[in-house]
Amino acid sequence: MASPTAAPPAAFTDEDRAHMGAALSLAARGLGQVWPNPSVGCVIVRDGRVVGRGATGKGGRPHGETIALAQAGELARGATVYVSLEPCNHHGKTPPCTEALMAAGVARVVVACQDPDPRVHGSGLERLRSAGIRVETGLLMEEAAELNEGFFRRIRDRRPMLTLKLATTLDGRIATRTGESKWITGEMARSWGHGLRARHDAIMVGIGTALADDPDLTCRLPGLEGRSPVRVVVDSRLRLPLTGRLIRTAREVPTWIVTLKDGCDPLRREAIEQCGAEVIEVEPTSAGELMAGGALVALAARGITRVLAEGGARLAASVLRDDLVDRLEWFRAGVVVGGDGLPAAQGFGITELARAPRFKRTALRAVGPDVLESLRRV
C-alpha cells in the first residue's frame, strides 16, 4: 500500500522518534475495537516529560488527542503533541480535535501521516498552522500508514483491508482427503490465531467452512474474550443452520450473513434475523454468483476496516483470484498428507506465473512446533 504523501520531513530527534513510537504503540492497542474510525495514539510532552497519553476509545470515541489532553490538563500549554494521524477537523459526534489542541495552547504538533478522509485531508494541519502552532509531519509515516491500512483502504478503495489466514501442512493442505483437519497446527499456533482475531474488526468464512466445522469464530484468549470480532459468513443461499453455534450465539456476538439479493427464502431470512443475526444482501454477478469483493464492499459500507478471512478453500481462492488479499498469515505444521488432501485454495484459473498473486515476506517466526510466515502483497 502506498504511503500517504507528506511534506519533506523535518530534522526529527531521537526523542521525537521515541515519543512517536510510543504513540504508534498506543494506537496499535485499539486495532479491532475502534471501527469505523482509525486507531490513533497521542503522546503529550512538556519540558522532556510525558504529561499525557491517549488512544482512540472503543467504537471510535473518545479520540486519542482528547484523552491525552484531559490527562495533561494545564500542562498541555506550551507542550509538544505527538499524534499518529492528522487531527480531525470536522464536527461529528464530538468537536474537532484541532479545536481542542488550539484551546489547550499546545506549541508544537508532530503528525506521522495525513488523514485520507476528504473531511480532514490536510485541513487539520492547516488549521493548526493558522493558529500559530508549529506543525511537522512525516515522522514514522510508513509505520503509521501500515497500522491504519484498513481505515485507509476503506476511504480510498471502499473495501476493508483483508488478511488471509491459512493453517496448512508443509504441502499446503488444510485437511486429509476425508476432511479431517483438527488439528493440523499446534496449540500455540491456534492461540496466535486468536490474537489475530482480536486485532481485526470482522472474521469471515465461507458457508462450506461454517457447515463443516460449526465454528465459534470468537477470540478465546484469557483476558481478551471481549475482543471477539464481528462474525461474517458468506452464504449465497442462506444454508447456515439455525441450530449451529453461529446462529445460536448471534445475540452474544454480532453475526452477519452475506447473501445474494433476492436469492433467499424470505421465511428463512426472517428466522435467522429473529435469532439475532443480520442478513446483508449484495447484488449477484452477471453469472448469478456472490463474489468476495461484493461482500467486502458491503462490510466497508457498515464501517468495517479490517477483515480476517479464515477459510475455506473456496473463499481463499476467491479473494486470491480477485487480488483482494493485502496480508497473508500462513501457519505451517511439520506434516505432509499428500496430493489427495484438501488444498488451502481451490483452483482459480491461473495459467501463467505472471498472473499469479505475489507476496513478499515480512516476518518468519517459530510458533511452538509450527512456523508462521507473514507476507504482504507485492
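Q: What makes Cys42 count as buried or exposed?
A: The model is a predicted one. Buried means under 20% relative accessible area. Cys42 has a relative accessibility of 0%, and therefore counts as buried.

Q: Why is Cys275 called partly exposed?
A: The term applies between the limit for buried, under 20%, and that for exposed, over 50%. Cys275 stands at 26% relative accessibility, so it counts as partly exposed.

Q: Which residues of helix H3 are buried, and what puts them on the same side of H3?
A: In helix H3, residues 97-104, the buried residues include Cys97, Thr98, Leu101 and Ala104. These residues cover an arc of only 130 degrees around the axis, and therefore lie on the same side of H3.

Q: What covers the buried residues of H3?
A: The cover includes helix H2 (64-72), strand E3 (80-83) and helix H4 (123-130). Just after H3 comes Gly105, which takes a positive phi of about 75 degrees.

Q: Why is Val51 called buried?
A: Val51 is found in strand E2, residues 49-55. Its relative accessibility is 9%, and the limit is under 20%, so Val51 counts as buried.

Q: Which residues are in contact with Val51, leaving aside its neighbours within four places in sequence?
A: With those neighbours left aside, Val51 is in contact with Ile44, Arg46, Gln71, Ala72 and Leu75. As for Ala76, it is 25 residues apart from Val51 in sequence and 7.5 Å apart in space, C-alpha to C-alpha.

Q: How do you know that His200 is buried?
A: His200 lies in the loop between helix H7 (187-198) and strand E8 (202-206). The relative accessible area of His200 is 3%, and buried means under 20%, so the term applies.

Q: What makes the approach of the His200 side chain to Thr163 a polar contact?
A: A polar contact requires a pair of N or O atoms within 3.5 Å, one able to donate a hydrogen and the other to accept it. The side chains of His200 and Thr163 make such a contact at 3.0 Å. The side chain of His200 also reaches the backbone oxygen of Leu196, at 2.7 Å. Beyond the neighbours within four places in sequence, the contacts of His200 include Gly32, Met161, Pro229, Arg306, Val307 and Leu308.

Q: Why are E11 and E15 called edge strands?
A: An open sheet of nine strands, with mixed pairing, has the order E11-E10-E9-E8-E12-E6-E13-E16-E15. Strand E11 (278-282) and strand E15 (359-367) are its edge strands, as each pairs on one side only. The twist averages 20 degrees from one strand to the next.

Q: How do you know that E10 and E11 pair?
A: Pairing requires at least two bridges between the strands. Strand E10 (residues 255-260) and E11 have five, in the parallel sense, and therefore pair. Ile280 in E11 is the bridge partner of Val258. Helix H11 (residues 292-301) packs on the sheet, and its direction makes about 125 degrees with that of E11.

Q: Why does Asp323 count as partly exposed?
A: Asp323 is found in the loop between helix H12 (313-321) and strand E13 (327-332). It has a positive phi of about 55 degrees although it is not a glycine. At 47% relative accessibility, Asp323 does not reach the range for exposed, over 50%, and is not under 20%, so it counts as partly exposed.

Technical notes. Residues are numbered from 1 along each chain as its sequence is written. This is a predicted model: local features need pLDDT of at least 70, side-chain atom pairs count only at pLDDT 80 or more; totals for chains, interfaces and linings use all residues. Side-chain values use heavy atoms; hydrogens and water are left out. Buried means under 20% relative accessible area, exposed over 50%, partly exposed in between (1.4 Å probe, protein chains only). Helices (H or I, at least four residues) and strands (E, at least two) are DSSP runs, numbered from the N terminus. The arc is that of the directions from the helix axis to the C-beta atoms. Contact means heavy atoms within 4.5 Å. Axes are lines fitted to C-alpha atoms, for helices over the stretch in contact, and angles run from 0 to 180 degrees between N-to-C directions.
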